[in-house]
Amino acid sequence: RWSRRACAGAGRRGRDVDTRPPLLMSNTATWLVDAVAAAAGVDVHEVAPTAANATMHASRTVASWVADVGGGRVALDFSGELLSLEHVRGPWPEAHGLLCGLGMVLVGQVVVLAYYVVRRALGAKTIQLKSPPGSTLAADLWAHASQPESFGMVYGYLTAVWMLRLMPPAYYDTTARVNWLHVLAQFLVVDAFTFAAHLLEHNWWALYRIAHKPHHKWINPRLYNAFNGSPMDTLTLILLPLLATHQVCFFVRTWSFIAFGTLYAAWFTLIHCEFRHPWDPLFELIGFGTAEDHNVHHLLFRYNYGHFFTYCDRIAGTYKSAHTVNKYRTFYSYNHLTWNGDADADAATTTAAATCIAVLQSPVGR
């Protein structure tokens, strides 16, 4: 930040910039060299008798070190006791890719809305026997758009990581077309991270209580319960997996990232739908996540932690097909489940299932 302000101010005045940092930065550079040398088992003071010569020796050994710092690409070079900074690029990236991405995500959500309106108007059967609690579409949309953990946090995250250059340099290349293999790679990676984060939330009670429990108040979710929960849940289950995915898929270009983001938001919303989708039989066949799979998760709590694929759940033994589950919903409230580990949660689920089966087999149930 210091260097950027100095360069910007000097540029307006039309003179050269003294980019030498304060003495504190110089001392920090010397300390870093000593620390790295000590970790490597090298006594730099035997090679160079002074700290200044040590840093010069390090700069000859490691000719240049380039890293992205803050808003610009900064070349860090140890020379003498001073650490020089030279901006290679401007402080902010072009916003064209960001705006296109945000716009496409919004377009994708409009398409999902149109599809959902048609399904509701046609009276599609719900996945679970008992329909979700009654609600108007306007109320659902308002809750979906107004919650801070919904579009506010997601759009804020995308803006921040783009403008602060927190993504690999390839993401800012707007010249390449969509590479669908790159899109698939992003989905596979983000689903693995999401699975791990979701499993952690369900097995770490303190995190579950403050982050994920508000989302699980819906045993029988609606489409627009997808992003409703808590800001901590959005951070843990969406933003951190996305940030990790950017670093792993460092080869992705702008338009492949935009395609991924658009489909990600749409798919994440659709798996929370109360209706079975026409493409779900194909998705089941190839191991893609479906609305029924995620309804099983909301209903039984201990299964189907993956969102976009079932591969991680199958490997971990936590996958349960919707075809093996009675699609019930009793008056037994999820809030009555006592979280004391797997045994108690499974026992409570078994009790609820037994109650439901008894009701269905009774004369009244028939």
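Q: Which residues of helix α7 (residues 148-163) are called buried, and what makes them so?
A: In this predicted model, Glu149, Ser150, Val154, Tyr157, Leu158, Val161, Trp162 and Met163 of α7 are buried. The term applies because buried means under 20% relative accessible area.

Q: Which helices do the buried residues of α7 pack against?
A: The partners of these buried α7 residues are α5, α6 (137-146), α10 and α11. Just after α7, arginine 165 adopts a positive phi of about 55°.

Q: Why is threonine 245 counted as buried?
A: Threonine 245 belongs to helix α10 (residues 231-248). Its relative accessibility is 0%, and the cut-off for buried is under 20%, so threonine 245 counts as buried.

Q: What does threonine 245 touch, leaving out residues up to four places away in sequence?
A: Threonine 245 is in contact with Tyr171, Gln186, Val189, Val190 and Phe193. Each of these is called a contact because heavy atoms lie within 4.5 Å.

Q: What makes up the lining of the second largest pocket, by class?
A: The lining comprises 14 nonpolar, two polar and no charged residues.

Q: Which residues lie nearest the centre of the second largest pocket, and which element gives the most to its lining?
A: The pocket has a volume of about 340 Å³. Of its 16 lining residues, Phe187, Leu263, Ala266, Trp267 and Phe283 lie nearest the centre. Two or more lining residues come from each of α5 (96-121), α8 (180-203) and α11 (254-270), and α11 gives the most, with five residues.

Key:
Residues are numbered from 1 along each chain as its sequence is written. This is a predicted model: local features need pLDDT of at least 70, side-chain atom pairs count only at pLDDT 80 or more; totals for chains, interfaces and linings use all residues. Side-chain values use heavy atoms; hydrogens and water are left out. On a 1 Å grid over the protein atoms alone, a cavity is a set of points where a 1.4 Å probe fits but cannot get out, and a pocket is an open set with protein on both sides within 12 Å along at least five of seven lines; lining residues have an atom within 4 Å of a point. Grid points are joined across faces, edges and corners, and a volume is the space filled by probe spheres set on the points. Helices (H or I, at least four residues) and strands (E, at least two) are DSSP runs, numbered from the N terminus. Ala, Val, Leu, Ile, Met, Phe, Trp, Tyr, Cys and Pro count as nonpolar, Asp, Glu, Lys and Arg as charged, and the others, Gly among them, as polar. Buried means under 20% relative accessible area, exposed over 50%, partly exposed in between (1.4 Å probe, protein chains only).
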